[in-house]
Amino acid sequence: MYLKYLIFNLLFILLTFPVWSQNGIIKGRVYNSRNNEAIPFANIIINGILNVGTTSDINGNYAINGVSSGYTSLVASSVGFEKHVTEDFMVTNVHPVIIDIPLTEVSIKLKEVEIKASPFVRNAESPVSVQTLSIQEIEKNPGANRDISKVIQALPGVSYAASFRNDVIVRGGGPGENRFYLDGVEIPNLNHFATQGASGGPVGIINSDFIREVDFYAGAFPADRGNALSSVIEFRQVDGNNERWSVNSSVGASDLALTLEGPASRSSSLLFSVRRSYLQFLFSALKLPFLPTYNDYQLKYKWKIDNRNQFTLISIGALDKSRLNTSIKNPDESQRYILGYLPVNDQWSYTIGGVYRHFRANGSDLWVVSRNMFKNRAYKYMDNIEVPENKILDYTSVETENKFRVEAVRNTGDFKITAGASAEYAKYTNQTFQKVFSGQVPITILYDSFLDLWKYGIFGSITRSVAADRLALSLGIRTDANNYSSRMDNPLDQLSPRFSASYSLLPQWYLNFNVGRYYQLPPYTTLGYRNNAGELVNKNNGLRYIGADHFVTGVEYRPDDKSKITLEGFYKLYHAYPLSAVDAVSLASKGADFTTYGDEEVFSSSRGRTYGLEFLFRDKDLKHWNILSSLTFVRSEFTDASGQFLPSTWDNKIIFNMTLSRKLGHNWDVGLKWRYLGSSPYTPYDLSKSAIVAAWDARNQGYLDYSRFNSLRLRAFHQLDIRVDKAWYFSKWTFMVYLDIQNLYNFKSDQPDFLVNYDGNGEIEKYTSTDGIERYRLRAIHNTSGTILPTLGIKIEI
């Protein structure tokens with residue numbers, strides 16, 4: 001009772017506390033996006049407030065004083081340039097906000113066209129299947145708790161394996177078909193407790209305090225972005241404040257965070273953050289069967305050497321540990337099941353990269369050097385008794401990549417030309433001990449693997465607008481190769497052309513098109529898999545790059561500057577997808593489990609097809625509501641060993657996502673998100689095999705009947721999340737609080753039943769079947785997930 005009064009009084013004080021100051025400052029520089037040259041006498045105004053603004057000086061610098069605190073954006077314009085709307089950003093009284101604004105030169109006379117400012121930027125190279133998220137849409141996304149990975153799951157065409165995981169499954173493709181870039185540096189892992197070989201996990205690594213904007217490509221990938229089949233996601237970070245140091249601390253749903261930013265010198269700035277979870281204490285109190293702990297850091301150093309040269313250093317890393325909560329007394333059936341099969345898991349990873357950009361009169365040059373490492377350790381003992389004879393699994397793997405990329409952009413007349421190359425040296429090690437049941441007998445997989453690869457890529461593109469800028473055309477090509485085997489060392493075998501076109505039918509109507517062929521290297525777990533004789537089995541099987549042909553076309557309508565409506569049709573044809581030699585199904589349907597993916601014998605023989613129709617409605621200000629809504633009809637099918645197309649695990653048929661948010665005044669914000677995911681296919685158990693004592697003891701789980709692969713379906717999933725934010729902006733500090741409620745109406749989503757080898761009293765019963773094989777008497781347990789999950793978050797900036 002005392003705690004309730006304390007919370008009530010605290011809220012009353014905060015709700016009635018006066019705001020001390022509304023004196024925010026926005027500063028920055030307006031420059032030519034082609035060559036970084038200053039644009040003097042540009043007009044800069046607060047978006048939506050015509051009488052609050054300024055003009056840039058002879059060096060392109062500007063400052064706007066007396067800005068109200070909260071999220072806002074700017075509109076910049078200058079003669080001979082397109083109007084530009086910046087991304088959303090937050091203004092506080094703690095320190096000035098630094099916003100540099102790029103303007104693009106117009107290629108036709110001003111009198112021939114009315115240039116309107118819009119937050120939706122058109123991209124000639126990628127005119128379809130691209131969405132951009134601002135920091136406000138990320139920070140205040142309902143149900144995401146500032147986890148960018150969960151925000152991405154609400155984008156058009158994106159589905160997910162389970163509500164408690166961050167897998168990114170785009171338009172029916174697998175979770176391992178995505179690539180992520182942070183300020184131009186590729187980061188292989190986006191999540192804590194990542195699935196090695198794929199991309200999923202339960203919690204995102206990236207700190208949203210660093211993010212300025214996110215570009216999400218579900219197709220029409222730029223030529224300088226390779227090794228992706230389903231999506232490319234670009235995270236652009238803010239620059240640190242170069243005038244004053246500040247501290248930002250927050251308490252979220254699962255972690256504590258501390259962020260520092262400020263000037264490192266007169267021409268450089270620094271951003272640094274650390275986070276640590278407290279989930280292990282929460283999970284222990286709730287008597288959950290596993291106790292995860294994660295830590296991460298993130299760093300950005302930006303040095304503006306002069307107007308022609310810039311250098312950026314970024315780094316991000318994580319340290320994760322998951323232990324089993326074996327101290328639970330009298331565990332229930334679900335707890336006992338999870339404790340029986342889940343391994344202990346330790347991971348650490350990091351990425352560090354330097355980006356140097358040199359601007360020229362007609363373009364720029366970019367050099368990127370980076371290194372990333374990932375270590376994954378997992379082990380399991382029968383009944384969790386750690387003695388040698390009980391060992392079931394002991395797995396240790398390390399992936400290391402050293403990368404170099406160079407890009408050159410030139411603007412020549414009406415042409416934009418991009419060319420570049422990449423080189424990479426990678427190492428992979430794996431020590432595996434695993435007891436499995438195969439061919440009706442228990443066997444032990446035991447191997448050490450070492451693999452090193454040299455990889456390279458060459459790419460280029462050319463873009464031009466014709467017909468008085470009504471038709472934009474872009475042609476790109478790239479190729480990739482490596483020295484793994486003769487099936488991968490010929491760059492002509494991975495030739496990857498792509499072509500885009502966008503035609504303005506009417507001032508507000510556009511017809512868009514893209515076709516492209518893309519290639520992706522199979523995961524290191526597949527490349528480095530060996531049998532007990534030490535042979536690279538998949539190399540001997542002729543493993544190849546995975547290929548996908550994309551066809552996307554659509555129409556786009558922009559009723560006004562703040563809204564757009566699109567309708568797109570897409571078709572993806574996959575070839576040379578790895579097919580499991582054991583299960584006879586495509587690896588495209590795997591990758592959403594924990595620990596590892598792809599470490600098995602395969603053949604590059606599976607084909608796939610995903611196709612559908614996608615409707616999108618976006619409006620930044622529909623009666624003061626910011627709306628992002630999409631409806632996707634999608635089918636996803638891949639061939640089995642016989643060549644028959646079967647539904648993949650991601651064949652949900654219908655995906656609906658809707659996110660709404662609104663400012664209520666007095667620094668209140670409210671938002672809601674509703675998601676609907678059509679019925680997911682799943683595979684029933686092979687009860688006969690699962691019951692065999694030797695088979696069950698090898699994994700403490702049932703075995704799927706792949707002869708009936710994905711022949712059953714779960715109920716459709718849907719969930720409503722809401723969020724309320726309140727901020728107080730004082731003269732020297734800012735206090736923000738939010739209440740986030742996931743699954744407001746407590747929907748219980750179906751999961752496949754799980755099998756246990758004991759009765760309702762916890763007693764294990766064995767028997768000998770008529771074929772003379774000793775078996776357990778198994779029992780199926782109905783399995784659901786989902787509960788109301790409220791979170792109170794606090795953020796303080798000093």
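A residue counts as buried when its relative accessible area is under 20%, as exposed when the value is over 50%, and as partly exposed in between. Keep in mind throughout that the model is predicted.

**Exercise 1.** Decide whether Asp209 is buried or exposed, then describe the salt bridge that joins the side chains of Arg146 and Asp209.

Solution. Begin with the accessibility of Asp209, which is 15%, so this residue counts as buried. Next, look at the contact itself: the two side chains meet in a salt bridge with an N to O distance of 2.3 Å.

**Exercise 2.** Find which parts of the chain are tied together by the salt bridge between Arg464 and Asp414, and classify both residues by accessibility.

Solution. First, the closest N and O atoms of Arg464 and Asp414 are 3.7 Å apart. Arg464 lies in strand E29 (residues 441-466), and Asp414 lies in the loop between strand E27 (391-412) and strand E28 (415-438), so the bridge connects parts that are 50 residues apart in sequence. For the classification, Arg464 has a relative accessible area of 32% and is therefore partly exposed, and Asp414, at 42%, also counts as partly exposed.

**Exercise 3.** Locate the salt bridge between Lys590 and Glu600, and name the residues that salt bridges with shared partners join into one network.

Solution. The side chains of Lys590 and Glu600 meet at 3.1 Å, N to O. Both residues lie in the loop between strand E34 (563-580) and strand E35 (602-622), so this pair ties together parts that are 10 residues apart in sequence. The network, in turn, consists of Arg179, Glu186, Glu401, Lys403, Glu424 and Lys455. In total, the structure holds 53 salt bridges.

**Exercise 4.** Give the strand order of the five-stranded open sheet, and state which strands lie at its edges.

Solution. The order is E11-E18-E19-E14-E15, with mixed pairing. The edge strands are E11 (130-134) and E15 (185-186), each of which pairs on one side only. Inside the sheet, E14 (residues 178-182) and E19 (residues 231-237) pair in the parallel sense over five bridges, and Arg179 stands opposite Val232 in E19.

Notes: Residues are numbered from 1 along each chain as its sequence is written. This is a predicted model: local features need pLDDT of at least 70, side-chain atom pairs count only at pLDDT 80 or more; totals for chains, interfaces and linings use all residues. Side-chain values use heavy atoms; hydrogens and water are left out. Two strands pair if DSSP finds at least two bridges between them. Helices (H or I, at least four residues) and strands (E, at least two) are DSSP runs, numbered from the N terminus. A salt bridge is a side-chain nitrogen of Lys or Arg within 4 Å of a carboxyl oxygen of Asp or Glu. Buried means under 20% relative accessible area, exposed over 50%, partly exposed in between (1.4 Å probe, protein chains only).
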